[in-house]
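Please keep the model open while reading this note. The points below are numbered, and each may be checked against the structure in turn.

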Amino acid sequence: MIPIDLSVLFSNLVGLFLLIGVGFFAVRARLLPAESSKPMSTLLMKVTVPATIIHSMLRPFDPGFLRLGISIFLVGAVAFPLFSLLSLGLSRLLRVPQDRRGMWCCCATFCNNGFMGFPVALALFGEEGLTLTVILSIPFNLLMYSVGAKMVCMDLPRDGSARPISWSRAVFSVINLSMAVGLLLYFTQLPLPQAILGPLGYLSDATTPLSMIITGMNLSQGRIGDVLRDRNAFTAAGARLLLFPAVAWALMELVPGLDGLVVGAALINLSMPAPAAATLLGEEYGGHTQMAARTVFLSSLLCIATIPLISLLL
């Protein structure tokens with residue numbers, strides 16, 4: 001295991017949440033319109049995050065690190081399908097209403113790996129941890145936009161009115177394509193000219209502050225009173241922040257010889273709050289967007305306490 005200094009972890013989380021506060025108060029003080037978070041999110045997910053992914057892959061080829069990458073990929077390939085099955089059972093056990101059950105499962109199963117996972121991994125584990133987090137997000141992206149979309153569609157009337165799931169979006173997303181480019185550069189060790197490396201580094205550096213500011217802008221649009229009265233949002237947030245990370249940790253403990261960096265990067269990433277993409281999927285397929293927004297809001301606020309708690313397992 002890689003021990004984490006809780007003071008360093010808390011300091012980094014506080015720093016990130018101060019950036020969230022910038023976005024929150026920028027909207028509340030009407031310095032920025034709330035609607036501007038959408039084009040900024042597009043810039044983040046289609047420009048700066050792909051740049052971060054490619055930039056993190058520009059490292060000397062190391063067979064040992066390749067083994068770590070395969071290990072964390074397998075962790076994600078096992079964890080997210082397992083969380084999906086567990087969430088379906090939990091939603092029935094907790095008697096989540098039928099028209100909310102699919103979105104509840106989506107929010108509990110998947111994590112905010114792009115907006116918050118990348119910055120936190122970089123702050124705690126450096127470039128190696130970020131690269132491993134990028135690899136972990138490969139099964140996440142494939143399943144979020146396929147299985148996650150299917151979950152969201154569970155809430156719709158079964159009259160054939162639901163939009164078909166876009167499998168091409170799940171496979172050929174900008175994030176996945178940037179991963180393919182990054183892996184190609186890593187395995188071939190093709191050198192990039194400084195004219196490309198410079199802007200790529202600048203865009204990569206912009207990902208952390210931009211993602212946190214956008215998160216704050218999204219949080220500013222929620223009503224705390226409505227969230228606090230929503231029992232389903234609390235149970236989904238609890239499963240996402242505490243139960244499923246604990247399950248992941250227990251499973252990784254059963255694997256002999258699993259590298260501490262893999263365990264640390266995977267566990268911290270799997271402890272992230274519910275994904276903002278759940279709201280986007282709700283809008284695209286007609287799912288319960290209010291449920292998604294409240295769970296994202298609540299879990300994003302609570303994670304500053306739950307992530308240090310989960311890190312005690314390392």
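This is a predicted model: local features need pLDDT of at least 70, side-chain atom pairs count only at pLDDT 80 or more; totals for chains, interfaces and linings use all residues.

1. A233 is buried, as its relative accessible area is 0%; buried means under 20% relative accessible area, exposed means over 50%, and partly exposed lies in between (1.4 Å probe, protein chains only). A233 belongs to helix α11, residues 231–253. Helices (H or I, at least four residues) and strands (E, at least two) are DSSP runs, numbered from the N terminus. Leaving aside neighbours within four places in sequence, A233 is in contact with M291, R294, T295 and L298, where contact means heavy atoms within 4.5 Å. From A233 to I214 the separation is 19 residues in sequence and 21 Å in space, C-alpha to C-alpha.

2. Residues are numbered from 1 along each chain as its sequence is written, and side-chain values use heavy atoms, with hydrogens and water left out.

3. How many helices and strands does the secondary structure of the protein contain? There are 14 helices and 0 strands. Of the 314 residues, 54% count as buried. Among contacts between residues at least 6 apart in sequence, 87% join residues at least 24 apart.

4. The overall dimensions may be considered next. The C-alpha trace spans about 50 × 50 × 45 Å along its principal axes. A compact globule with 314 residues would have a radius of gyration near 20 Å, and the 19 Å of the protein agrees with this. The radius of gyration is taken over C-alpha atoms, and the globule rule is 2.2 Å times the number of residues to the power 0.38. The protein exposes about 13700 Å², of which carbon and sulfur atoms supply 68%; accessible areas come from the Shrake-Rupley method with a 1.4 Å probe, and for residues only the protein chains shown count as cover.

5. S84 lies in helix α3, residues 63–93, and is buried with a relative accessible area of 8%. Not counting residues up to four places away in sequence, S84 touches T109, V147 and M151. S137 is part of helix α5 and counts as buried at 1% relative accessibility. With neighbours within four places in sequence set aside, S137 is in contact with N113, F118 and M179.

6. The largest pocket contains about 1200 Å³ of space. On a 1 Å grid over the protein atoms alone, a pocket is an open set of points with protein on both sides within 12 Å along at least five of seven lines, a cavity is a set of points where a 1.4 Å probe fits but cannot get out, and lining residues have an atom within 4 Å of a point. Grid points are joined across faces, edges and corners, and a volume is the space filled by probe spheres set on the points. The pocket has 45 lining residues, and the closest to its centre are S41, A276, A277, T279 and L280. Among the elements that give two or more residues to this lining are α2 (37–56), α5 (113–144) and α13 (277–285). The lining divides into 21 nonpolar, 15 polar and 9 charged residues. Here Ala, Val, Leu, Ile, Met, Phe, Trp, Tyr, Cys and Pro count as nonpolar, Asp, Glu, Lys and Arg as charged, and the others, Gly among them, as polar.

7. Which part of the structure encloses α13, and how many of its residues are buried? Helix α13 is largely enclosed by the rest of the structure, because 7 of its 9 residues are buried. The buried residues are A277, A278, T279, L281, G282, E284 and Y285. Just after α13, G286 takes a positive phi of about 85°.

8. The structure holds 1 cavity of 30 Å³ or more, and the volume of the largest cavity is about 40 Å³. Its lining consists of N112, F115, T215, N218, L219, A276, V296 and S300. Helix α9 gives the largest share, 3 residues. By class, this lining has 4 nonpolar, 4 polar and no charged residues.

9. R30, in the loop between α1 (6–28) and α2, has a positive phi of about 60° although it is not a glycine, and R30 is exposed at 77% relative accessible area. Q189, in the loop between α8 and α9, also is not a glycine and has a positive phi of about 60°. Q189 counts as partly exposed at 36% relative accessibility.
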